[in-house]
Amino acid sequence: MMTWTPIVYFFALMLILLICGVLGYAIAVYVLNGLIMWYIGWFLLIIGFFTVVTLCLRKTHHLHMHHYTIGMILIVMFGY
């Protein structure tokens, strides 16, 4: 098992803080421009779509949508 050095923890923390800062800034801009409800709606639509697909196919398929679901949500949040 690999153990992380303090410098790796530092860079991981900096990456997390950077991502949170960019996301927080984007959300603040959306709130100021009155677009936040539009983005919340799209977020719920995407999550709802994959939830329905997963529920419909759960008996015959094992679906793993974690990574590209997050990617699509980020595209919706930052691609507009």
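View 1. F11 counts as exposed, at 52% relative accessibility (buried is under 20% relative accessible area, exposed over 50%, partly exposed in between, with a 1.4 Å probe and protein chains only). F10, at 40% relative accessible area, is partly exposed. The two rings form an edge-to-face pair, 5.4 Å centre to centre with 70° between the planes (rings of Phe, Tyr and Trp, the last by its six-membered ring, pair if their centres lie within 6.5 Å; planes under 30 degrees apart count as stacked, over 60 as edge-to-face and the rest as tilted). The model is predicted: local features need pLDDT of at least 70, side-chain atom pairs count only at pLDDT 80 or more, and totals for chains, interfaces and linings use all residues. Residues are numbered from 1 along each chain as its sequence is written, and side-chain values use heavy atoms, without hydrogens and water.

**View 2. W38 and W42 in helix α2.** These rings are also edge-to-face, at 6.1 Å centre to centre and 75° between the planes. W38 and W42 are four residues apart in helix α2, so about one helical turn separates them (helices are DSSP runs of H or I, at least four residues, numbered from the N terminus). W42 is partly exposed, at 36% relative accessibility.

**View 3. The buried face of helix α2.** Y39, I46 and F50 are the buried residues of α2. Seen down the helix axis, they fall within an arc of 30° and so line one face (the arc is that of the directions from the axis to the C-beta atoms). On the other side, M37, W38, L44, L45 and C56 are exposed.

Note on methods. Helices (H or I, at least four residues) and strands (E, at least two) are DSSP runs, numbered from the N terminus.
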